[in-house]
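Q: Could you walk me through this one slowly, with the terms explained as we go?
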Amino acid sequence: MLADWTYIGIFILVALFVPAIAITFAAILSPRVPGTLKQSAYECGMESVGKSWIQYKSQYYIFALVFLVFDVEIVFLYPFAIAYNQLTLFAVLEVILFLLILVAGLVYIWRKGELEWA
Amino acid sequence: MQTFLSDPVTAITIWLQTLLFSWGIPAVWVQLIMIIIGSLIVCAGAMFFVLFLIWYERKVIGRVQDRFGPNRLGPFGIFQTIADMLKIFTKEHITPLGADKIPYNLAPVLIMGAVLMMWAVIPLSKTTVGADLDVGILYLVAIGGLGELGVIMAGWGSNNKYSMLAAFRALAVLISYEVPMVLTMLIPVMLSGSMSLNGIIAAQNVWYIAAAPLAAAIFFISQIAEVGRAPFDVTEAESELVAGYNTEYSGLKFGMFYVADFLHAFTAALVFAVLFLGGWRGPGAEQIPIVGFFYLFLKTMLVHFVGVLIRASVPRFRVDQMMALNWKFFTPVSVMLVILISLVDKAAALSQEIWRSLLIFAVNGVVFLVSFRLLDIFTTRKERPSVVTRQLPVAVGAPQRRNPESGVSS
């Protein structure tokens, strides 16, 4: 068990290390001729106006909230899924009740019209 | 010799292990060295395999569009991507002025790393698996989230409005499609009673695509969206957002995004093949592990090929259509699928696997028919005014006087 997690830990380090090495190697090989015009932000040839770190639409925020609710609840469902073959019908009904609360949230936000991308 | 031919990976591992032991290296260090060598081979191998994938995909899309595709360098142009790789190594790395350096430079590494990390838990044959975690599915979901972090870092760090907008859109789409993806992943876990990928493969006496085709379809489509390919490629919609969140990248930093995209498509097909197509299982794969490797490769290439065909033939969705498709169709349908499968399967309590699979198949069919009927009822196609019968504006000979009443200048 511990050996598996050691493998995962080292694998994660190596997976980040390999592209980093490749990029470093390429950075050494590549020419370096900086220029103001070359380094300006690409906007189809226009001069950039204002900051690019803009305020974004609140719609994204609402979708992120809905996602968070769903994802957390789904993670709760995984223990149920593993134990599913041993569960009784009553326990399954309880989990379905839990899922229906999730559906109620979806119906609420749908009726409220927040799912429309305006 | 017999073991080497039937299972080369294990044979080489044992040979290397005994070699290191014979040099008098302590056991802990031997294990550490083995892990490092193994993960280096997997990472580097996956990245070089992308060279083939890019050639393959360009070739297929070329044939779909009635072109030859790459055909100059080597037989069937197979060395084209190698030449491209050599060229991109010598391209200048341009950092835009005012870029946020840390996220800007970290993003390509993180995106590539997130895709590579998925390979740690995928069983390639009966004996060849990096780490058979008992929470393998959860690991895949978590690593999927890491790629999204890379996307927002690339968009934020670039100091470019197009990148920023594309990153926000990409993030909204990626997190939305994770919901049906994770929900449909629940069904293989439920049926097999295991979250380890090898456990799921071992339980698939009947492939789960045969038992739960609707779940497999939803999973497949959400994976295309997760990878961000056509028809779900609003993130890099050339016609509206230049090139997406990687607009400002150049040289191998851009190359990393490109490679990660292709490798992610293949990895997604690999995960699909493991979860729904029985992984390495097939006749003879239990006895000779190397055969299982070829089965897995064939299944993965089949799924990948379907993905490439979809990419080549379906036009792009708008971002609002994608969000509506996800939240108003895929998510409710997959929730209903989970509810009905668990309820019906438990209520019927069939002991024989074949009958159980048939029952789940029937549930899938019912959900499919009902959901598409509901879709027909509730979605109405908007009538567009016919172009043929409309009075077309005609150019007039003499220049018209400006009409002050209507307020419209001609």
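A: Let us begin with pLDDT, which is the predictor's confidence in each residue, from 0 to 100. Chain A averages a pLDDT of 84, and 97% of the residues score at least 70. This is a predicted model, in which local features need pLDDT of at least 70 and side-chain atom pairs count only at pLDDT 80 or more, while totals for chains, interfaces and linings use all residues. Residues are numbered from 1 along each chain as its sequence is written, and chains are lettered from A and ligands numbered from 1 in the order in which they are written.

Q: Which elements of chain A have the lowest and the highest mean pLDDT?
A: The lowest mean, 78, belongs to helix 2 (residues 36-39) of chain A, and the highest, 89, to helix 4 (residues 89-111) of chain A. Helices (H or I, at least four residues) and strands (E, at least two) are DSSP runs, numbered from the N terminus.

Q: ok, and at what angle do helix 3 and helix 4 of chain A cross?
A: The axes of helix 3 (residues 58-83) of chain A and helix 4 of chain A cross at roughly 170 degrees and come within 11 Å. Helix 3 of chain A and helix 4 of chain A are therefore roughly antiparallel to each other, a label for angles over 145 degrees.

Q: Which residues meet there?
A: From helix 3 of chain A come Val66(A), Val69(A), Phe70(A), Glu73(A) and Phe80(A), which meet Val95(A), Leu102(A), Gly105(A) and Ile109(A) in helix 4 of chain A. Being in contact requires C-beta atoms, placed from the backbone, to lie within 7 Å. The residues of this contact divide into seven nonpolar, one polar and one charged.

Q: Switching to chain B, how many helices and strands does the chain have?
A: Chain B comes to 15 helices and zero strands, and along its principal axes the C-alpha trace of chain B spans about 100 × 65 × 40 Å.

Q: What domains does chain B have?
A: The assignment, which is automatic or from a database, gives domain 1 (1-89) and domain 2 (91-376) of chain B. Their C-alpha centres lie 23 Å apart, and the contact takes 21 residues from domain 1 of chain B and 19 residues from domain 2 of chain B.

Q: Which element gives the most to domain 1's side?
A: On the side of domain 1 of chain B that touches domain 2 of chain B, helix 3 of chain B gives the most, with twelve residues.

Note on methods: Axes fitted to C-alpha atoms, helices over the stretch in contact; angles between N-to-C directions. Parallel < 35°, antiparallel > 145°, perpendicular 65-115°, else oblique. Contact = placed C-beta atoms within 7 Å. Nonpolar A, V, L, I, M, F, W, Y, C, P; charged D, E, K, R; others polar.
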